[in-house]
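Here is a short tour for anyone opening this structure for the first time. We'll begin with the aromatic rings and work from there.

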Amino acid sequence: MKTNNNFWQGKNVFLTGHTGFKGSWLALWLTHLGANVTGYALNPLTEPNLFTVLDIEKNMEDHRDDIRDLSCLKKVVKSSKPEIIVHMAAQSLVRESYKDPVGTYATNVMGTVNLMEAARSCDSVRAILIVTSDKCYENRELDYGYKETDTMGGHDPYSSSKGCAELVTSAFRRSFYANVSMIAVASARAGNVIGGGDWSANRIIPDAIRSFSSNQQLQVRSPDAIRPWQHVLEPLSGYMTLCEKMWDQPLKFSDGWNFGPLESIREVEEIMNRVSDLWGENAEWERSIVDHPYEATLLKLDITKAKKKLGWAPKWDLDTALEKTVSWYKSYYNGEDVGEMSLKQIEEYQIS
């Protein structure tokens, strides 16, 4: 199912985390479709960053505030009169959660509580989408695609915090919206995303691009790990499709939803070999011998529900996703117009 471009024209959308990687791509897509987007987030964490590189601020209302500040959040939500809320603000790195578990829980759990509470005081809201992660599930390291009905959990603070955010969303939905027929509350769970413009630390593709662009050999910490890789536009199209469905039938689509890749998952080693080939000269990597904190080595999602009930399905296989990603970075480092390329990739995705 394709996103309904006409649906977003003139819609008031409140987007948290709009300065992050996924948030920047979504803000770009929504503003391109004519939505009135209000963003609420901290400053971008990296330099360079996609939000600044694409100058996304010029087409939206940009608020730099902390999701943990309930009073401020309530004021901005109320003043923006949102019809649709998409909550993506998060501490999104597993390794960072080991360094700062308190901050991770404060942002990912209480940030979700604050967002849900702010939404309750705003009578313009029709749909609320809380974006969590595939890591919200209690991962038993089995060759099994987790379904939306599986147990929430998480070994590390980040994964656990996302499981908690799912429980918060469910509790607010059942406590305050169970008998409200015109307001939808749903959650979305996606896996590892790749795409142009991600410069986050301790993520395999950004780490590779940093190394390759500076002629350094990449140290890969878990080449045997298996992940559900997908281009960033895949889950974003799922979120948008879900919001469209929630608008029309709130009660039917108020639930948790998985958005995973087109094909079977791949090992990190295979990904790195392909990225190295696409980058070309001086793209080399080796296994890191340094000890690292625990991270899951096997994680898969079952997307049957989204396929059957939303009519959504991923479009780009992994080779396409990697080609689009590497070509974006190559254009950036060659000084080309990546804003134009980003919109072109969105349009290519929509018609594929």
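## Aromatic pairs

Keep in mind that this is a predicted model. The count of aromatic pairs in it comes to 19. Take Trp 29 and Tyr 349: their ring centres are 6.1 Å apart and their planes sit at 85°, which is over 60, so this pair counts as edge-to-face. The two residues come from distant parts of the chain, with Trp 29 in helix 2 (residues 21-32) and Tyr 349 in helix 14 (residues 338-351), 320 residues apart. Both Trp 29 and Tyr 349 are buried.

Tyr 349 also pairs with Trp 316, again edge-to-face, at 5.2 Å centre to centre and with 85° between the planes. Trp 316 belongs to the loop between helix 12 (304-310) and helix 13, 33 residues from Tyr 349. How does burial work out for these two? Trp 316 has a relative accessible area of 9%, so it counts as buried, and Tyr 349 is buried too, at 1% relative accessibility.

Elsewhere, ring pairs tie Trp 199, Phe 212, Trp 279, Trp 328, Tyr 329, Tyr 332 and Tyr 333 into a cluster.

## A lysine over two rings

Lys 11 has its charged end over the ring of Phe 7, 4.3 Å from the ring's centre. That charged end also sits over the ring of Trp 247, 4.8 Å from its centre.

In soluble globular proteins, nonpolar side chains tend to be buried together. Here, the largest nonpolar core has 75 residues, and the members touching the most others are Trp 8, Trp 25 and Met 272. Helix 9 (residues 233-248) supplies the largest share of this core, with 8 residues. A second, separate core holds 24 residues, including Phe 14, Ile 67, Cys 72 and Ile 85.

Which residues does Met 272 touch, not counting those up to four places away in sequence? They are Ile 204, Ala 208, Phe 212, Leu 218, Val 220 and Trp 285.

Thr 104 is part of helix 6 (residues 101-120). With a relative accessible area of 0%, Thr 104 is buried. Leaving aside neighbours within four places in sequence, its contacts include Gln 91, Glu 96, Val 109 and Pro 157. Pro 157 is 53 residues from Thr 104 in sequence, yet their C-alpha atoms are 7.1 Å apart in space.

Thr 325 lies in helix 13 (residues 318-333). Its relative accessibility is 1%, so Thr 325 counts as buried. Beyond neighbours within four places in sequence, Thr 325 is in contact with Ile 194, Gly 195, Gly 196, Ile 205 and His 231.

Conventions: Residues are numbered from 1 along each chain as its sequence is written. This is a predicted model: local features need pLDDT of at least 70, side-chain atom pairs count only at pLDDT 80 or more; totals for chains, interfaces and linings use all residues. Side-chain values use heavy atoms; hydrogens and water are left out. A nonpolar core is a set of buried Ala, Val, Leu, Ile, Met, Phe, Trp, Tyr and Cys residues joined through side-chain atoms within 4.5 Å. Buried means under 20% relative accessible area, exposed over 50%, partly exposed in between (1.4 Å probe, protein chains only). Helices (H or I, at least four residues) and strands (E, at least two) are DSSP runs, numbered from the N terminus. Contact means heavy atoms within 4.5 Å. Rings of Phe, Tyr and Trp (its six-membered ring) pair if their centres lie within 6.5 Å; planes under 30 degrees apart count as stacked, over 60 as edge-to-face and the rest as tilted. A charge sits over a ring if NZ of Lys or CZ of Arg is within 6 Å of the ring centre and within 35 degrees of the ring normal.
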